[in-house]
Amino acid sequence: MFHKPFQRLKPENLIIIYKLLNDSLLLWLALFVFAMVAEGLIPGIVSQHLELYKIAFAMLINIVLIRKIREDAQIGNADILSKKIAWPLFFIFVLLLFNSMLKLDIYLSLFILAAISTTVYFIFKAFQEE
Amino acid sequence: MWFDLTEDVTLAEKDRARYKKFQTALYALAFLLAAIMAVRVIFDAQNFTFSFANPDSSKNSIAVPRYQSADFPVENGRISAGRDVYFDMAATGTFSKAVIEFPQDKDASGINSGSIIVKKSYQALLYPEGDPIGFKDGSLLKNNGDYYLVSQGALRHFDTGTIPILGYAPEAFIEVAPEELRFNPAGQPIRGDEGYPDNSIFKIDSDYYLLESAQLKKFSSEQAFLSQYEPRQALEKNTDIFSRYPLSEIPISFSDGSLISYGESVYIVSDNKILPINNPVTFLEKGFAWEDVIAASADEIALYEKTKLFTIKSVHPDGTVFATIENAKHYMVKDSKKHLLPSQNIADSWLRHSPITFSEKSLETASQCEIKQGFFGSYSCEIPITSLQQLAGTNYEFIMKLDNGTKIDYLNVSFKKDISRSNLVAFVRDIYNKIKNRYVPQAVPAP
């Protein structure tokens, strides 16, 4: 029922929308990462003006639409964003995590960071396995 | 080469050209929205509101509007003709103008004319002025060969020959002018055969004690004693004195207005309570200095009742001392009034740390606007406040006067910044300071 509107569109238009949605996802992601880094440095600087859940919600809608159009337009399951931006995102994630543990002892922070990074790496690998 | 996130999803040449146009428009729109967002963050506006229909609502960010004192609040939004209505709020940042808006109640009569004045200072300094305060209890004073002790607020004269009998050294007394003595009422003379008067201070072994109601109250630490008195004021005694004046179970701790720290928290002491300061921004915006923070022990912290957070909206508590930059005139906050400490000697008897400085101009400098009618029955007034930005304090006090009585539903106040180079510089400086406060540890002493 949800995918019917897309089936009425011409295939080439559907692909253009799909491509634009990928572009917009990148823009939302850039905004979200920027907002997270800014909030990490100065809490409240972005969230006073724009609640972060709104960006997260917009990204979720965007991802759902991408998946729907991919199914309707029968586009292959290509790795688009994940490989290109996984490492920079992981680096930012580590920085934000370290920033959130500023008040802790430095060695304890590094230990927690190493433990979380290893866990995330293995979870990622587990999901990658066919 | 064109930027394409989904290169493997191909399009015909004609459709690809269409995609490029849409993609360019999408990125241009994103940059435009980012620029608008940046302007909103940099030239931030702060909004405050008060609803007369819900005066107890937690959403009200303006203190209850009142006539002169908090005892006379404006009830149900009914404004009397010709009377000054006061309303306050705490705003941080450098603003260019304040816009006050208030929709009028639909059944109320229109406003013919009116004006609003705004002042900026610390809220406690906008309190009405109370009677001047004299020397602190325990002060040892001399004038023209006469010696005095301030005991329970009164100035008590030592009878001739009493000083050596009680064991005081003349150097322990500070020389004051006769006019300084008139701020403490005269009390009973001190006679040698009656023992020590209340508020006598003793040093027994290495501990300090204060005599109150014939009992010796011990200071919780030397730091606590030094927050109230000087060592010269203490009379050295041995433990025999306990046979005459028993030890009280109630210890004495830091003076009102002291800043104490435990762990990473900093507290203000006032009236046997401590108020935890919510963050370093509040600490600095309220005029406190890190050098004045005293490390307290867990036992000392436990002596106090911990009360609500001290935030940017909070008023400086009782015991806080302010001093003018221009002529070092001192004021002490007590019972919702500011009291003049009439001389430097009197101020010194109360002060063991730096006072909060402010400009005397802040009490006189004001900006004004005339109320105008806007759309849909609402009224507004726009006040330029650039001239107030250099003044210390976070509190803005608005004084509204209407020529005819009316009823209003709520009050909205917006502090706005002009898009200017100076405001951009102020924003960058503010960000720098906030990052510094967050990442560079403050010199708060360890216990």
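This is a predicted model: local features need pLDDT of at least 70, side-chain atom pairs count only at pLDDT 80 or more; totals for chains, interfaces and linings use all residues.
Trainee: How much of chain A is made up of buried residues?

Mentor: A residue is counted as buried if 20 or more other C-beta atoms lie within 10 Å of its own. With that cut-off applied to the 130 residues in chain A, the buried share comes to 10%.

Trainee: Which class has five residues on the side of domain 1 of chain A that touches domain 2 of chain A?

Mentor: The domain assignment divides chain A into domain 1 (1-77) and domain 2 (79-130). Their contact takes five residues from domain 2 and seven residues from domain 1. On the side of domain 1, two residues are polar and none is charged, while the class with five residues is nonpolar.

Trainee: Turning to the contact between the chains, which helix of chain A gives the largest share of the side that touches chain B?

Mentor: The contact takes 19 residues from chain B and 20 residues from chain A. By class, the side of chain A has three charged, three polar and 14 nonpolar residues. The largest share of that side, 12 residues, comes from helix α2 (residues 11-41) of chain A.

Trainee: How many residues of α1(B) are buried?

Mentor: Helix α1 (residues 13-42) of chain B reaches 43 Å from its first C-alpha to its last, which is close to the 44 Å expected at 1.5 Å a residue. This helix is hardly covered, and among its 30 residues the count of buried ones is two.

Trainee: Which residues touch the most other members of the largest nonpolar core?

Mentor: Leaving aside its neighbours within four places in sequence, B:Tyr267 is in contact with B:Ile260, B:Ile274, B:Leu275, B:Pro276 and B:Ile277. A second, separate core of 32 residues includes B:Phe102, B:Ile383, B:Phe398 and B:Leu411. In the largest core, which has 57 residues, those that touch the most other members are B:Tyr267 and B:Ile268.

Trainee: What ipTM does the predictor give the complex?

Mentor: Chain B averages a pLDDT of 89, and 98% of the residues score at least 70. For the complex, the predictor gives a pTM of 0.73 and an ipTM of 0.79.

How values were computed:
Residues are numbered from 1 along each chain as its sequence is written. Chains are lettered from A and ligands numbered from 1 in the order in which they are written. Two residues are in contact if their C-beta atoms, placed from the backbone, lie within 7 Å. Helices (H or I, at least four residues) and strands (E, at least two) are DSSP runs, numbered from the N terminus. Ala, Val, Leu, Ile, Met, Phe, Trp, Tyr, Cys and Pro count as nonpolar, Asp, Glu, Lys and Arg as charged, and the others, Gly among them, as polar. The expected span of a helix is 1.5 Å times one less than its number of residues. A residue is buried if 20 or more other C-beta atoms lie within 10 Å of its own, exposed if 12 or fewer, and partly exposed in between; C-beta atoms are placed from the backbone. pLDDT is the predictor's confidence in each residue, from 0 to 100. A nonpolar core is a set of buried Ala, Val, Leu, Ile, Met, Phe, Trp, Tyr and Cys residues joined through C-beta atoms within 7 Å. Domain bounds come from an automatic or database domain assignment.
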